[in-house]
Amino acid sequence: MGDCTSMAPGLDGEENLIAAAQHIVKALGSNKNLTDDVRKILVDLGTQLSTISRADESKDVGINEIEYRLNAAQEKVMSWEADQCMVWDSGPEEVAEYLKAVEEVRKLTEILERLSLNKDSEVNELLRRAYDVLQTAMARLEEEFRHLLFQNRQPFEPEQHMSFRSNDEDAVDEGSIISFEDDPVDESLQSDSISRSSEDYIIHLVHPDVIPDLKSIANLMLSSNYDHECSQAYISVRKDALDECLAILEMEKLSIEDVLRMEWAGLNSKIRRWVRAIKIFVRAYLASEKWLSDQVFGEVGSVSSVCFVEASRSSIFQLLNFGEAVVIGPHKPEKLMRILDMYEVLAELLPEIDAIYQGEIGFSVRTECREVLGGLGDCVRATFLEFENAIASNASTNPFAGGGIHPLTRYVMNYIKILTDYCNIINFLFKDHDKADPASLPSTSPVTEEDDKSGSSACSSAMGLHFRALISILECNLEEKSKLYRDVALQHLFLMNNIHYMAEKVKNSELRVVFGDEWIRKHNWKFQQHAMNYERASWSSILLLLKDEGIQNSNSSSPSKTVLKDRLRSFNMAFEELYKSQTTWLIPDSQLRDELQISTSLKVVQAYRTFVGRHNTHISDKHIKYSPDDLQNFLLDLFVGYPKSLPNPHRR
């Protein structure tokens, strides 16, 4: 080996040029905005430059020097095989020496591969040894790689990285559409809060101090053609970490059959949790996972994308499969808000999913997301249709006590009031839904005051048409329910109450934008007509008793005392009967109740006062059971919803 020194390679002008070119290619390759074609050209150019460099090197390296260098590197590599410790636990100096030895073996292997073309037996023997040492070193590096990835994982705490409101603990079972006769749901149907201004959060999933070490191992293994082993080690560790993340987010693995067997209360809670989890998982965890793979493999072609997609595929599919299972399930109306929540968050995340699952390798994930999103949109439309059918088919065998606001009316109005929170989504899904592109979903910003005044809001189109059709179905159902009352006056009171409730609910909420002022005016007129019809049905026959027709004696112009007494007695009996029944009737709205009481009082008390005043000279006090003030006070007892008895009348 006396001539080794003279044969050692040195850098002349040509070698400096090659080294500079390699540096430029490496710098250009680190640009993440390059297209796949440009990146491939740079990789090929780098390979050619390396080949030129290695060819020049192999010309000047002798067999004796190769053997000497291989022996030294082999000694360093094999010294760790008897040690159970990890190289990276032994300090940076030991790590540097080990990496230097492995890199030396890799280079010598390439040199020997070229020299072996001459079929020299000595060269072939050295090449076999070099392969063995390299394989041993790669196995060690794979183990070290796994160890570093696993031991340096950072704890994932969602609350520190994302802002969200969890409703899991206080989830409410909204009840089924078939239980309209139960207590109304009113405002208990609350949509989950989905922040529309959240930004991506990059978090350190692995301690940043070990990223350079991971990168060094990855580069060395990939340049040694052990890319499969390196990738599989990375994918295995990170896949487990992603599964652990889903466990932290309380997303258990469920089959489609498991989801379909769930009762609504359990499924409702699971959907709320899913909405929360997928947003955190995509924005915080997957974005950070993509960043990590780029840091470790970013300089080596498409390895980064492959490792990221393969590590995360099963986790993102687990979340998407849950959405698919919900879509497959029955289209019960109580599910609509939850499905809209799912659609909203997935549509919101779609651009970000497209960004992190780019290229052909991410095609399956992007496609699955769109299929699930499309299925959720179809499910929204089918569920809304089922809601319409449920309203139309909701039958009652007995009239609703007191003629008050039917639970069906409360349920439907509160249901659609909450749906206004999703006005942009619903409008998008129902308007030309065959052409709908989830990526073009409008922002879910609230309706502005100017929109309200101008009536130009998007909510007043497709969604408005469907909501007005829904209310028409409800009105037809209420018409049928009113026929269960034998008393015509109570039929009109029932319809007055329910239509008034609908009009007020629309007028005093976001529904006003959806239905419009013309709809409100029309329904104000409707309930006022029913109020007039109530008065006519209840009081017309009683007020006829206070008319002068038929009270005169046949042979004189003076009234017949007998007829007057009969009229008053009949009036008292009719009033008492009406009082007894109509105190049990109910007008829940106090203002509407006051208005109807005043309107009735003006007609009845005035007619009574006029009749008694006109004929008081022909009627003794004992025949006047009630004073006008008595009647006015009694009328204030009507529509309170519970029976009352007339007190002893005031005698004049």
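Among contacts (heavy atoms within 4.5 Å) in the protein chain between residues at least 6 apart in sequence, 81% join residues at least 24 apart. The model is a predicted one, in which local features need pLDDT of at least 70 and side-chain atom pairs count only at pLDDT 80 or more, while totals for chains, interfaces and linings use all residues. Residues are numbered from 1 along each chain as its sequence is written, and side-chain values use heavy atoms, with hydrogens and water left out.

Of its 652 residues, 47% count as buried (under 20% relative accessible area, with exposed meaning over 50% and partly exposed in between; 1.4 Å probe, protein chains only). The chain exposes about 31800 Å², of which carbon and sulfur atoms supply 50% (Shrake-Rupley method, 1.4 Å probe).

Helix H5 (residues 92–115) and helix H8 (residues 211–223) have axes that come within 11 Å and cross at roughly 15°. The axes are lines fitted to C-alpha atoms over the stretch in contact, and angles run from 0 to 180 degrees between N-to-C directions. H5 is therefore roughly parallel to H8, a term for angles under 35 degrees. The crossing of H5 past H8 is left-handed, that is, the near helix is turned anticlockwise from the far one by less than a right angle. On the H5 side the contact is made by Leu99, Val102, Glu103, Arg106 and Glu110, and on the H8 side by Ser216, Leu220 and Ser223. By class, this contact of H5 with H8 has three nonpolar, two polar and three charged residues (Ala, Val, Leu, Ile, Met, Phe, Trp, Tyr, Cys and Pro count as nonpolar, Asp, Glu, Lys and Arg as charged, and the others, Gly among them, as polar).

Asparagine 225, in the loop between H8 and helix H9 (227–248), has a positive phi of about 70° although it is not a glycine. Asparagine 225 counts as exposed, at 65% relative accessibility. In the loop between H9 and helix H10 (256–260) lies glutamate 250, a residue other than glycine whose phi is positive, near 65°. Glutamate 250 counts as partly exposed, at 42% relative accessibility.

Proline 643 is located in the segment after helix H24 (628–635) and counts as exposed at 62% relative accessibility. Proline 643 and glutamine 582 are 61 residues apart in sequence, with a C-alpha to C-alpha distance of 8.1 Å. Not counting residues up to four places away in sequence, proline 643 touches Thr583 and Thr584.

Methods:
Helices (H or I, at least four residues) and strands (E, at least two) are DSSP runs, numbered from the N terminus. Angles under 35 degrees count as roughly parallel, over 145 as roughly antiparallel, 65 to 115 as roughly perpendicular and the rest as oblique.
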